[in-house]
Each structure stands twice: as structure tokens, then as C-alpha cells.
Amino acid sequence: MVEANTTVADLRTQFGNELTESSFRDNHRVHVPPEKALDVLTWLKEQRGFDMLVDITAVDYLEYPDATDRFHVIYLLLNMTTKERLIVKVPVNLPDAALPSVVPLWKGADWMEREVYDMFGIDFIGHPDLRRILMPEEFTTFPLRKDYPLKGFGERHNFPVLTRAES
Amino acid sequence: MAVGMPENVFLTRLDAAANWARSNSLWPMPFATACCGIELMATASSRHDIARFGAEVMRFSPRQCDLLIVAGRVVMKMLPVLQRIWQQMPEPKWCISMGACACTGGVFDTYAVVQGVDRFIPVDMYVPGCPPRPEQLIAAVIDMQEKIKRTGTLTGKEFETRTTHMGPQPFDVDELRRMREMVPVEGLTIYDPPKLN
Ligand code: SF4
């Protein structure tokens, strides 16, 4: 769609040129530095009518060729009136991977941010109830990080054994 | 017969009578967590009809069951639940581990899936297959009946001898090797925060 491009152009006049754009087929993506993320998302919702947050997810770029940042947090936005879609990518890095929470903007962000926190360990500052959502409470690591081994550190077998005589 | 027996009276051992009754009315606890559960339902439905073997009374309360059928993969969040259910079942009780996932973890060799429920609960019968055909499950039930008839006792004292679990050790060598992989990749530039203006 053409409109996404005008949105991006407006974003850049509004927030400066470090917002870079890329697109693949009809996916339009803007890269936003983390300190501007909340302002940009607020502006998109309030001025551009992106009233639906389709998803929040993240990608770990560890050992990815030419990657400059450890994580990207990705917001998929949809304008329900014009059917316009926009992808906002925000780079995040360790040691303190954190972003402002967007729950005040979109209520649906609540569980999505909890999932990203659970899987990648990215902190969402201002989230009302940031707990693990999929993994058990006592889990200590973040399984979708690339430096977490596929088969885990042995958490899956850290249970008491019941023998037949005693149960 | 030398001593006259009244009609409709027969002699047997108490154990054998108990085994006969128990093995022909197994009440399964369907612990169906994945696709194998569908096949378990097929086994119970009319075409295969597990009622022919007296095991049709699926109870969804462990307190009323004596045969735990673990059908499907068990993840680490579900394992405490499975153990609790096993402990809630009254004696005497048996366990069938149905399908590749319940027996060994199957293709799901990941951080969250338990690699075989026999590591943590006692299992009497394993059913291979992904998923096993209903016939295989029925064969397992028949084998289970035979095992009960062969080894069962009225007081269940054959269970007391099973003091070690028969599955693989919870921490095998592979697992320990993986635990050493915890060290993050060193000297990887991507760990340094980039300069954002
Ligand atoms: S053994 Fe196959 S059918 Fe059964 S739970 Fe595993 S994947 Fe599903």
C-alpha cells in the first residue's frame, strides 16, 4: 500500500531521520531507536489511527551475520479503518534489555509483553504485572535466547523420582 | 471328585480370584495431553470398543481409577500434575505409557519436554508408535491383564519389591554435557551495546 510510505515519511519529519525504513513485498518496517519507541508508537496510535496492536514479538540476532543489535522487539500495527499495516522494530541490547511498556496504549499488549519477557528476558518498564506466562515460575532463564541450548540446562529433568514401592 | 462339592462352588486361591476381578475391570485414567489422546478416544469408541476387555470406564478422577494411560507428551510444567495424579490413584494401580512421546519424548527433544515419563513415575507397559494404533493399545491392555494375572497378589505386595525406578537416570551424561554449555559465547562483539545517538 502507498499509505504506509506516507506514514513513514511523516514519521521521519516528525521524529528525525534516524528512523530507517525497509520493506519486503507489502510489509513496511520502520526501525526506531529505543528511546523514541514510546513516542513513535503513541504518535502512530493517536495521530495515525493504528488502533490495533496485532502482536509484539522479538528476534534474537546473536551470531546473525552483520547484525548490530542483540534483539529486535517488533510491534505489528494495524489501522482498522484504512487496513493499513505497519511494522515497528526497536533494537534492544544487553545487559539491561528494557523498553517502555505499551499497555497504556493498547490493553492487549499485556500478555504479549509478558510472553516476550518470558522468552527473551526483555523488561517492559511500567508493565502492570510482568511475570512469566508460559514457563513455570521457578524457571530462571529465557529459552528463546540463542545462547540457551535447545535441550535446555536440564530443567526438564529436575524433578523428584517416584518409585513404585513408595507411591 | 472324592469329596462331594456342592453345585456352583469352586476352589481357587484368593490371589487368583482378586487378579481375575481386577484384570477384567481395569478403570483407565486417560491422561491425554496430545495427539495420542485422539487414538485413545478411538480405542474407546465403537469400532475398536475397549469395553470388550472390561476397560471402558474412563474416569476423569484419579481417585476412581486403577490404570493410568499416559497418552501424549508431558512437558515440565505438566509433570508435577502427572505425579500428583499418580499419587492420588488408589492401590492397586498400573500405568501404561502410550506412544513414542510418553515413552521417550519422541521427536520433541527440547528444553520443555520430559524425555520419557518412566524417569519420574513407574511404568508397567510401553506402547510404541506415533500414534499407536488402537489395536496396539488393546494389545497393551491384554498384556496388562496377563501381567496382573501372573504377578498380582491380593495385598499388592509385589509392588513393594520395586524400589528403584526403571527408566533412564534423570540426568544422563548428555544432559550434564549440555549443562556445561551454559557459558555464553565469549568475545562476541554483538554483546557490546552499540552506540545509539
Ligand atoms: S507419539 Fe506421536 S501421536 Fe503420540 S503424542 Fe507423540 S507425536 Fe503425538
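A salt bridge here is a side-chain nitrogen of Lys or Arg within 4 Å of a carboxyl oxygen of Asp or Glu. By that rule, 3 salt bridges cross the interface of chain B and chain A. The model is predicted: local features need pLDDT of at least 70, side-chain atom pairs count only at pLDDT 80 or more, and totals for chains, interfaces and linings use all residues. Residues are numbered from 1 along each chain as its sequence is written, chains are lettered from A and ligands numbered from 1 in the order in which they are written, and side-chain values use heavy atoms, with hydrogens and water left out.

**Interface**

- Contact means heavy atoms within 4.5 Å; on that basis 42 residues of chain B touch 38 residues of chain A.
- About 3700 Å² is buried between chain B and chain A, and carbon and sulfur atoms give 62% of it.
- Buried area is the accessible area (1.4 Å probe) that two parts lose on being put together, summed over both.
- Lys151(A) and Asp109(B) join their side chains in a salt bridge, 3.1 Å from N to O.

**Salt bridges overall**

- Over all chains, the structure holds 12 salt bridges.
- Asp118(A) pairs with Arg132(A), with the closest N and O atoms 2.4 Å apart.
- This pair links distant parts of the chain, 14 residues apart: Asp118(A) is in helix α3 of chain A, and Arg132(A) is in the segment after β7 (123-125) of chain A.

**Sheet and helices of chain A**

- Helices (H or I, at least four residues) and strands (E, at least two) are DSSP runs, numbered from the N terminus.
- Two strands pair if DSSP finds at least two bridges between them.
- Chain A has an open sheet of 5 strands with mixed pairing, in the order β1-β2-β5-β4-β3.
- From one strand to the next, the twist averages 25°.
- Angles run from 0 to 180 degrees between N-to-C directions, with axes fitted to C-alpha atoms, for helices over the stretch in contact.
- Strands β4 (residues 71-78) and β5 (residues 85-92) of chain A run antiparallel and share 8 bridges.
- Tyr75(A) stands opposite Val88(A) in β5(A).
- Helix α2 (residues 37-48) of chain A packs on the sheet, touches β4 and β5 of chain A, and makes about 170° with the direction of β5(A).
- Helix α3 (residues 109-120) of chain A lies across β3 and β4 of chain A, at about 5° to β3(A).
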